[in-house]
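Trainee: I am new to this structure. Please take a close look at one part of it with me, the place where two chains meet.

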Amino acid sequence: MMDTRVTVKTQDGVEGMDANNATEAAPVFRTRDLAVYYGDFRAVRDVDIEIRGQDITAFIGPSGCGKSTVLRCFDRMNDLIPSARVEGTVEYHGIDLYGKDVDAVEVRRRVGMVFQKPNPFPKSIYDNLAFGPRLNGIKKKSELDEIVESSLKRAALWDEVKDRLKASAMGLSGGQQQRLCIARCIAVKPDVILMDEPCSALDPIATARIEDLMQEIKQDFTIIIVTHNMQQAARVSDRTAFFTTEVNPESDRRTGVLVEFDDTQKIFSNPGDDRTEAYVTGRFG
Amino acid sequence: MEETRKLFHKDLSEVHQELVRVAAGIVESIPRCTTILLEQDLTGAETMILADDDVDRRTHELEQRCIQILALQAPVASDLRQVVAALKMCAELERSADLVVNICKAARRIYGHDFDPRLRGLVVKMSEQARQLFSEATSSYATGDAARAAAIDDMDAFLDDLQRQFIQAVLESHSAGRIDLQVAIQLAVVARFYERLGDHAVNIGEKVRFEITGWLPEHSGADRFRQRRTEGTTSHPAGGESS
Amino acid sequence: MALATPASHGATTAASLTTQLTGAKRDIRGRAVEAVLLATLALSLLILVALVVNLVQRSWPVLSGRLGDFLSSGLDASNATEAGVWQAIRGTLTLAVIVAIVAFPLGIACAVFLEEYAGKSFFARLIRINVRNLAGVPSIVYGILGLTIFVKFADGITGGRTVISGGLALAVLVLPVVIITASEALRAVPQSIREGAYGVGATKWETVRSHVLPSAAPGILTGTVLALSRAAGEAAPLLLVGGITGLLRTGDQGLWEQITKGGFTSMPVAIFSYARQTGADFQAVTGAASLILLILVILINALAIWLRNRFEKQW
């Protein structure tokens, strides 16, 4: 069902899927038989997926299909929900993420997350960005200043806030707050950035700026974005995973499943699975 | 789950049906223009030439509708292929209708001159083959039958053959003094028109295959170029390739 | 009242639309409710005002005549002209300090544990239920608890019937209130703030310390103020634990000795004491003392509100 690890980017259109030039890129994440339960309820099942480095991967699908749930497995955010239980394996650079000795806090230093509703801390802009580095032991003001500035620059926010770093972050607009949250993520120099519907609370211009930002920073971070906006997934991502729900015959509840995972241009021009076709074109029944 | 974007899908199917109607009209017009040619029917020719304006109008409107759909609906996957195929087909159909008009204009030019039964027989055969090709193309588009569309290419080979035979016969007729130079040239050109009609039918078949499966035809030139490049026999200055 | 849209009435003219929009029936029921609520508010305020007026009236002789003297004299239940509240004020303030030192850190720590660490286990639920029950226990029961444990059992530490025992008894009394209000304040902190902190790799304690507690601080402060007000106004436990009601001689002991070994009293206890005496003079004294206590409590509340506003502005 899944595509092989051919990494040649087809959107350039020059080389095509030339097998002679394909290089093996070790996956950043790999899941096997991943399933997540909330209490008795199986929210998503049998997810086998490989996320490649320096790619933007999008998860799309109708509501309740488990795409956010799967995303939150990658930084162990599901640990915060008492009734959540993860089965199967999630590997991060080959290491079992849910292994006994793995510290969730360390995981989250390397796998950052941006949420649907911007959630800046009720502190100054500077302190928002300095929080993470301070946790990591960086105390010198000059170093913190440098990190704050570079993170804000990469998040395309520096010019707008450089004169009011001490002002409260709550005074920024929604789009600015979300870019602040992205900068906050960048400030701890993670390996991966997970984005859970980052633009759904924003207007189209703010959304476009964040999409541009994603393209700019994807060289340095692996990005996985959950979005219910198919057009956004099409614009922004290199690979797209389509999830859907299936009714469980015994319990009559819906469980999420991974249907198709392929290059974005294929998903949106000629998807392999009929269910994917039905979802992206809006033809059901 | 219920179907969504119903208005959009209705739009798409209306475009599809209108294209089928235009194509069907062209299919019917092929034997008619042949009759006009063979019977040297001037009024008939006049009517058909004027009727082409209507085809132009209809394909133009279809093109505009397709562009509108692209702008407003952002189609993806099969919907996108359908719109792109429809856009390309407008061009094919419009050119095909023009070819029929050209045959009628040729009929006007050879008015008063007669040509021998062998030539006439070949014209009828070419016309029939072209009509059949175009009919196959139209049917495969109407029913979405990619396999049927793929078979059109083989039929076209026969038409090409007929055309060569006809040219041969025209040259013989001319050297035997049965027809004069003007008529010979016009007849040769008419043969081209029928052969081009067949080519357009093949193109339509390719569009159908693209719409159904996403398959894009690779023109032999691209393949040759790649061959040459991998063999290292091509040397061209930087930037010489266009995408 | 359904508004007729132009679409629903084909022949609606501008004029009829205007009358419909402007000549509408007034919302009688709504306004009646509003009037009743206003009246209730007025009545409550009236009662309060009447109380204060009554107090001032009663205590006027003392207030106008010997206010300074009143404030500096000691507890004396026998002689109205020499009775004062100075020791009672000192006692109340000392008790307040002890309550603050003991109950607040303890209560807030409990709340942090219950809300942030304990989760939804059976153990946690049990604790929460018990805390709520304890908040409703009558204060005199805490007096008996104080008597048994702080006065008798822990005699060596507290020194028996001292202000320390009294303070501890009051601290235990308000502890459930502090826990409950601090818990509410912590629960009100949106989860998104915690997630944001976790998202950059903070540990649970780092998240609580840097984000949750500061966010909840205004709410926690309000809760502690309420607790302090309650403690300042309690008489029953102190009566059992040893608040002096008759005559309190402090002599020439140093402050520390007074606190650890001497007798103590507080405003409510003093008021109770004076109220039991007969005679119009004592009535005035009682009224004056009540007024002073009221002012004291208002001052404590004002201080806490000021603190809370300062904290809120920082964020």
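Mentor: Start with the contact between chain C and chain A. It takes 17 residues from chain C and 20 residues from chain A. Two helices of chain C, α8 (191-199) and α9 (204-232), each supply at least two residues of the side that touches chain A. The largest share of that side, six residues, comes from α8(C). By class, the side of chain C that touches chain A has five nonpolar, nine polar and three charged residues. Keep in mind that this is a predicted model.

Now place this contact among the chains. Two pairs of chains are in contact, and chains A and C share the most contacts. Chain B and chain C do not touch. Their nearest C-alpha atoms are 25 Å apart.

For another kind of contact, look inside chain B. Helix α1 (residues 6-39) and helix α3 (residues 77-109) of chain B have axes that come within 10 Å. The axes cross at roughly 20 degrees. Angles under 35 degrees count as roughly parallel, so α1(B) and α3(B) are roughly parallel to each other. The crossing of α1(B) past α3(B) is left-handed.

Which residues meet there? From α1(B) they include Leu12(B), Val15(B), Leu19(B) and Ile26(B). From α3(B) they include Ala86(B), Met89(B), Leu93(B) and Val100(B). Asp79(B) in α3(B) is also among them. By class, this contact of α1(B) with α3(B) has 19 nonpolar, three polar and one charged residues.

Technical notes. Residues are numbered from 1 along each chain as its sequence is written. Chains are lettered from A and ligands numbered from 1 in the order in which they are written. This is a predicted model: local features need pLDDT of at least 70, side-chain atom pairs count only at pLDDT 80 or more; totals for chains, interfaces and linings use all residues. Two residues are in contact if their C-beta atoms, placed from the backbone, lie within 7 Å. Helices (H or I, at least four residues) and strands (E, at least two) are DSSP runs, numbered from the N terminus. Ala, Val, Leu, Ile, Met, Phe, Trp, Tyr, Cys and Pro count as nonpolar, Asp, Glu, Lys and Arg as charged, and the others, Gly among them, as polar. Axes are lines fitted to C-alpha atoms, for helices over the stretch in contact, and angles run from 0 to 180 degrees between N-to-C directions. Angles under 35 degrees count as roughly parallel, over 145 as roughly antiparallel, 65 to 115 as roughly perpendicular and the rest as oblique. A crossing is left-handed if the near helix is turned anticlockwise from the far one by less than a right angle, and right-handed if clockwise.
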